[in-house]
Amino acid sequence: MKILALDGSSCFISLALATEEGVTAERAFDASARRALDLFAAAEALLAQAGWSFAEIGQFVAGRGPGSYTGLRVTLTAARAWALPRGLPVAATSSPAAVAAEAYAAHPAWTEELVVSGDARRGTEWAVRFARDGKTLVRQTGAERLVAAGEKALLWPEARWLPRDQAPRAAFLAKLFLAGYPTEEAVPKYMHPAVAATAVPAG
């Protein structure tokens, strides 16, 4: 099965091609302008690099955030548009799970849980915690949280907090999918106070 994975939750849009044997090719570009045309051109270039065509893709995997409102809309809409003509599936998965999976892969000795976080605006951050998992690479341990930025040191002090706003790589979305990590509804997740919840004191 040939997979095209993509993520637009950060200031970069990341794309990757993968099969059960591993990642075939990947690339990322600065998405500060959030132009959908850049995404389509990048996907065509990536397919050409791998010697693949869109007709060979059998599965799309998209990061659903939390993250950028516009970036997530662009990438999830593109995945659905590419999949629709042939009725192909679009699997959405957690963007921070890809960050955690990459961190664990880079640091095999790490045993503590990892916290991935990002700007949720209005003085808050979203945060989500993961543990290493031998089968699905990572496992989310508890629900996402909104926390006031000044109180994050009080939340999960036993875990290792990764640098904020790390850009997920689509290659790790593909790896998570192939490892059987849970998929979610293919709609963006933003985790901003106006649409999610008001930040609560850490505890």
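Predicted model: local features only at pLDDT ≥ 70, side-chain atom pairs only at ≥ 80, totals over all residues.
1. Extent of α3. Helix α3 covers residues 95–106, 12 residues in total. From its first C-alpha to its last it reaches 17 Å, which is close to the 16 Å expected at 1.5 Å a residue.

2. N-terminal end of α3. The cap at this end is provided by Ser 94. A side-chain oxygen of Ser 94 lies 3.1 Å from the backbone nitrogen of Ala 97.

3. Burial of α3. Of the 12 residues of α3, 9 are buried, so the helix is largely enclosed by the rest of the structure. The buried residues are Ser 95, Pro 96, Ala 97, Ala 98, Val 99, Ala 100, Ala 101, Ala 103 and Tyr 104.

4. Packing against α4. Helix α4 spans residues 170–179, and α3 packs with it at an angle of about 90°, the two axes being 8 Å apart. The two helices are therefore roughly perpendicular. On the α3 side, the contact is made by Ser 95, Ala 97, Ala 98, Ala 101, Glu 102 and Ala 105; α4 contributes Phe 172, Leu 173 and Leu 176. By class, this contact comprises 7 nonpolar residues, 1 polar and 1 charged.

5. Thr 19. This residue belongs to strand β2, residues 12–19. Thr 19 has a relative accessibility of 13% and therefore counts as buried, the cut-off being under 20%. Leaving aside residues up to four places away in sequence, Thr 19 touches Met 1, Lys 2, Thr 24, Trp 52 and Leu 178.

Methods
Residues numbered from 1 in each chain as written. Heavy atoms only, no water. Helix = DSSP H or I, 4+ residues; strand = E, 2+ residues; numbered from the N terminus. Expected span 1.5 Å × (residues − 1). Buried < 20%, exposed > 50% of the residue type's maximum accessible area, 1.4 Å probe, protein only. Polar contact = N/O pair within 3.5 Å; in protein donor to acceptor, adjacent residues only side chain to side chain. Axes fitted to C-alpha atoms, helices over the stretch in contact; angles between N-to-C directions. Parallel < 35°, antiparallel > 145°, perpendicular 65-115°, else oblique. Contact = heavy atoms within 4.5 Å. Nonpolar A, V, L, I, M, F, W, Y, C, P; charged D, E, K, R; others polar.
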